[in-house]
Amino acid sequence: MAVTEQLQQLVDQMPDPDGRGMYTENIDKEKIDKAVAAIATGGKQNLLGLIEMLGEPGGAENAKPHYALHCVVNHALIAGDERLRKEFCDAMGSQLENKDLHPYNRAYLCQELQWAGRDEACQALGKVLLDKDVTDAAATALAAIGGERAASQLRTAAAKATGKARLNLIDALAALAEPQSAATFQDALTDEDREVRIAAAVGLASLGQADAVEPLFKAADSAQGWERTQATKACLVLAEKLAAAGKKSDAERIYQRLKETRTGDSEQHIREAAQRGLAAIA
């Protein structure tokens with residue numbers, strides 16, 4: 001859309017950053033709030049205009065629309081205007097795949113959705129999870145939004161991703177701990193990347209499901225060094241979650257198995273932790 005003269009005049013009222021890129025000087029809050037409220041009355045079209053105005057990161061032409069965009073999104077949240085919040089989120093979501101925008105600015109839109117987005121933002125964020133320029137920001141936003149709708153987007157992308165992107169997606173799923181992610185975690189336990197396997201073990205343990213015992217022990221028993229330590233720790237976490245859920249017999253089997261299989265001098269702390277776990281559920 002063409003940026004209107006009125007919008008440009010309102011954006012011009014935003015403060016200039018100092019030499020460090022901070023907003024610490026000549027801050028006229030009343031003037032800024034009035035301009036932000038006026039921009040907000042233009043709804044989705046004005047927000048799209050602000051996005052169009054975003055320029056080269058770090059450049060003077062980017063500072064004011066960047067500042068205004070955050071203030072306008074925050075305005076909807078502070079006012080409790082749910083209709084306006086959704087409008088703004090729809091506008092930002094519609095621009096995540098816009099390659100005419102600098103990758104930094106597309107990531108910035110993901111960060112704003114992390115703050116203001118709800119379920120309605122999940123699909124748009126999911127579409128860019130495999131985009132190397134914004135995958136981290138999109139995954140972080142979905143993890144912050146939470147819920148199964150966010151998790152389903154992460155799972156779909158994780159099945160196709162490789163390398164660092166796959167690790168970030170598995171980490172995000174682990175943070176959400178949605179039960180339906182169990183199969184994704186189990187699949188990732190055999191990934192070629194050690195860090196992905198560890199993240200998958202952490203995620204699977206976090207679900208507290210009894211049928212995760214065998215996959216986790218298989219992963220831990222076949223691992224070496226740091227990976228074995230982390231996968232074994234995941235087994236302990238699973239036992240703790242099962243015990244807390246009242247599934248004491250399942251937890252007892254894990255603790256007993258750890259006592260019997262972690263026999264090396266370097267794994268004494270595991271045996272001791274397992275013993276403490278058994279004592280706690282006795």
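Glu267 lies in the loop that joins helix 15 to helix 16 (268–281). Helices (DSSP runs of H or I, at least four residues) and strands (runs of E, at least two) are numbered from the N terminus. Glu267 is buried, because its relative accessible area is 12%; buried means under 20%, exposed over 50%, and partly exposed in between, with a 1.4 Å probe and protein chains only. Leaving aside neighbours within four places in sequence, Glu267 is in contact with Arg228, Thr261 and Arg262, where contact means heavy atoms within 4.5 Å.

The model is predicted: local features need pLDDT of at least 70, side-chain atom pairs count only at pLDDT 80 or more, and totals for chains, interfaces and linings use all residues. Residues are numbered from 1 along each chain as its sequence is written, and side-chain values use heavy atoms, with hydrogens and water left out.

**Further single residues**

Asp250 belongs to helix 15 (residues 248–261). Asp250 counts as buried because its relative accessibility is 18%. Apart from neighbours within four places in sequence, Asp250 is in contact with Ala210 and Leu242.

Ala177 is placed in the loop between helix 10 (163–176) and helix 11 (182–188). Its relative accessibility is 28%, so Ala177 counts as partly exposed. The phi of Ala177 is near 50°, a positive value in a residue other than glycine. Most residues other than glycine have a negative phi.

Gly80 is found in the loop between helix 4 and helix 5 (82–94). With 59% relative accessibility, Gly80 counts as exposed. From C-alpha to C-alpha, Gly80 and Ala183 are 38 Å apart in space, while 103 residues separate them in sequence.

**The whole protein**

The protein has 16 helices and 0 strands. Its radius of gyration is 24 Å, well over the 19 Å that the globule rule gives for 282 residues, so the protein is more spread out than a compact globule. This radius is taken over C-alpha atoms, and the globule rule is 2.2 Å times the number of residues to the power 0.38. Along the principal axes, the C-alpha atoms fill a box of roughly 75 × 35 × 35 Å.

Of the 282 residues, 49% are buried. Among contacts with a separation of 6 or more, 59% are between residues 24 or more positions apart.

**Core and packing**

In soluble globular proteins, nonpolar side chains tend to be buried together. The largest nonpolar core here has 96 residues, and Leu50, Leu69 and Leu125 have the most contacts inside it. A nonpolar core is a set of buried Ala, Val, Leu, Ile, Met, Phe, Trp, Tyr and Cys residues joined through side-chain atoms within 4.5 Å. Beyond neighbours within four places in sequence, Leu69 is in contact with residues including Leu47, Leu50, Met92 and Tyr108.

In helix 8 (residues 135–145), the buried residues are Thr135, Ala137, Ala138, Ala139, Ala141, Leu142 and Ile145. They pack against helix 6 (103–116), helix 7 (122–126), helix 9 (147–158) and helix 10. Gly146 follows helix 8 and has a positive phi, near 75°.

**A pocket and a cavity**

On a 1 Å grid over the protein atoms alone, a cavity is a set of points where a 1.4 Å probe fits but cannot get out; a pocket is an open set with protein on both sides within 12 Å along at least five of seven lines, and lining residues have an atom within 4 Å of a point. Grid points are joined across faces, edges and corners, and a volume is the space filled by probe spheres set on the points. A search of the whole structure finds 1 cavity of 30 Å³ or more.

| Space | Volume | Lining by class |
|---|---|---|
| Second largest pocket | about 230 Å³ | 8 nonpolar, 2 polar and 2 charged residues |
| Largest cavity | about 40 Å³ | 5 nonpolar, no polar and 2 charged residues |

In these classes, Ala, Val, Leu, Ile, Met, Phe, Trp, Tyr, Cys and Pro count as nonpolar, Asp, Glu, Lys and Arg as charged, and the others, Gly among them, as polar.

Helix 2 (29–41) and helix 4 (60–79) each supply at least two residues of the pocket lining. Helix 4 gives the most, with 6 residues. Among the residues that line this pocket are Lys29, Asp33, Tyr67 and His75.

The cavity is lined by Leu189, Arg197, Ile198, Ala201, Ala219, Glu227 and Ala231. Helix 12 (194–206) and helix 14 (225–244) each supply at least two residues of this lining, and the largest share, 3 residues, comes from helix 12.
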